[in-house]
Amino acid sequence: MKKGILKILISIVLVLGFLSFFTYSAFAGQADNVVVSNPMYYDAANIKSLTFFFGRSGLASCTGRLVLATEPLNADGGYGDFTDFGKYGSSFSSFTEVLDEDNKNNTFGIITYTDEMKLVTNDYIVNFSFKKGEIDLNTNKTYYIYLWAYYRGHYYPDAFMAAVKVQDGQISYTGRKNNSNDVTNLDNFKNVGDCELPNHVYDKEVELDKFLVTPATCTSKAVYYKSCICGEKGTETFEGQALGHDYSKDPKWTWSGNDTLGYSEPKLTLTCNNDNTHKLTLSQSTSPNVKLTKDTTPAKCETDGSDVYTASVTYEGKKYETSGSDIKTVTINKLGHDFDYNENPSFIWKSKVGGGYTAQAVWSCKNDNTHKDTYDASLSSSLVTAPTCYKKGERKYTAEIVKNGHTFTDSKSDEIEMIPHDFSDTWTIAEDTHYHECRRVDEGCTARESEAAHYSSSWKYMDNSHWQICDTCGKKINESPHDKSYGTVWTVTKKATVSEEGSRYTQCPTCKIKFIQSIPKLDDPNGVVEKDVKRDKDAPELNFNNSVESLRTLLPLNSEEVNKVSEGKKLIIYLEIINIDRAVSENEIDLIKKAVPTSSGISYFDISLYKKFENENAVKIKKTTGGKISVTITIPEQLRKKGRTFDIIYIHDGKVKKVKGTYNEKNSGYSFETDEFSTYAISYHDHKFSDWKDKGNQHEGICVCGEKIKQNHVWDRGKITKKATIRSKGKKTYICTVCGAIKTKDIPKLDNVNSVNTSDENNIIIYISLLIVSMISMGIIIVKKEN
């Protein structure tokens, strides 16, 4: 047992150790055999560069770089655990962010840093370069070299590597102590250049001036001595790189040709910066890059022109162009003027104040058309066409000039404005208008003045026609028969009674002439008005509940109807009902079903209201304006059923409305009022109650139409849920077979008898206790036997 526990503890320690190693082994960690050597100088006081050597082994690979700075970092243990920056402090996503932080706050005092390198198990030689004046040998300063690592997206200072001290013209250094990042107690500084290796090993190929044997030229390589890591020079040599040609020094251009023949074949000669004896000549024949450009400015009459020759070439990425004296300019002599007075000139016309023109003849120089020679011309004019009142006239002007024995002319025409019209004092009468015309109509003038349509403010009339006389010119206009309504539309001025005649008139709406007629005495003082109901054999019965007197108010008569009644004509107002179960449209069926979604059935019919005079066509009334008509529909026998409910719905102008009315089960009549007549429907509904819920002494059911009903519970035979004993009552539970409601009823206690009641709860407890004791006893016996 103890061995097992020990094994478990050892395993835990190993796992934790492995995890710890895995956590920290990704970092650059410590360096081995740190050496700072090979100082180079700008002068006796300023360091130019230092060589840094370190070894690295047994650590996971990553990338990083060495940074030389003036500021030490506060350290707290190893593995890059700096209190300000590092794994457990702030870090950066790139080295650019490190430099931005340092430039902003001088956090690290970075002077220089190496290129980023791959950090694996290896030895490294890197070089620090300084600007002149950055590190002075005579100052008393210490510089700190840190290894910055980039791992898993973070850039941070991972390890202190070495310190470099500059004092009194000497450079000394010391490496990290006991693998610690702490720089508070640095000691054991040694001079730079002292080799710490047991023997010099001259295997380093460092191309520095101190190891130079033979300098490089353009075509030959430099030769260096190999060196030790400490900077000591050996005797074995190696080759460096040749300088190569650098043709960029002292560019010179030369040309072929002269100012008379022009210039061509520009050539560029370049001198090698590494060897003045090496020359390179570029020309159009040897290098297609050599471009010759000729820019010509043409000569003019009074100014010289020029041809400017320039050249350019691009060699090894650098462009060379002629400038100064290398640019060749050839002058083109000015041309002088050339006016040809034998050719037609151009003429310039100018208007004079008060009318007329002046004209000038202009010749242009053929060498430069901006140069002009201008002379005044003589001018004459003549009438070409005289103006009239309906057409403009024309006057022609002619300019003339004589030059070198030649006569040159130019002409220009002007319009002459028309003269005024001469309108007649009398009216010229046309069919629809009258006007004053110009007296020069025979000459072709068509002008009119004061033209207007005929007009009169009064009418002239006879029995059958009417006309007007134009107020201005007296023409008879607008003659026509009286309007059609004359003699057919009458206005009653006095109603006829049983004792007196009435009167009426008809009038032409246009000329207002009136014809008056008497109305005979009446036999009935109210006129004859009757009501009636018509229906087809399949339609339900319909009763008209309104009296004739109320119909007179509900359906006010127009003047024509009043006249007809007054004249003794009988007016019948009747309702008509027609069964349209087979004729109703699908759209109307859908509208009505949406209005009564819970209906059990629907019967469709049409109710129409009419007014009709005897011996005339009936007039259909869609809507009453004076009130509502009261009707009663008898529900058809085949639709009647006890408990069934009915609704009356109708459609008018595309809108569905449910009628408010009352249903009388005794006479099966549904009474309602309406003022609109169109498609009607009888909808009936049979209640089906469901979703019963307990409501105390009753339960409540609801129909899909929303109607609710309450009924008494219907209890089952009941079930004993607790038996009665001599000490306690029993219970019997009943459930409603409709809604599931529950009620309970007590069962009385049992009488006390001498016989043992097996249902007594105390007896059951005793039996259970005895059973538990027996089982425990058996368990003890078995254990003892095993022991």
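1. Buried here means under 20% relative accessible area, exposed means over 50%, and partly exposed lies in between (1.4 Å probe, protein chains only). By that scale C62, at 4% relative accessibility, counts as buried.

2. The model is predicted, so local features need pLDDT of at least 70 and side-chain atom pairs count only at pLDDT 80 or more, while totals for chains, interfaces and linings use all residues. Residues are numbered from 1 along each chain as its sequence is written, and side-chain values use heavy atoms, with hydrogens and water left out.

3. The structure holds zero disulfides, a disulfide being a pair of cysteine sulfur atoms within 2.5 Å. C301 is in no disulfide, and the nearest cysteine sulfur, which belongs to C365, is 3.2 Å away; C301 counts as buried, at 4% relative accessibility.

4. Strands β42 (residues 645-652) and β43 (residues 655-658) run antiparallel and are joined by four bridges, where strands are DSSP runs (E, at least two residues) numbered from the N terminus and two strands pair if DSSP finds at least two bridges between them. H652 stands opposite K655 in β43, and in this hairpin, with two residues between the strands, D653 takes a positive phi near 55 degrees.

5. Most residues other than glycine have a negative phi.
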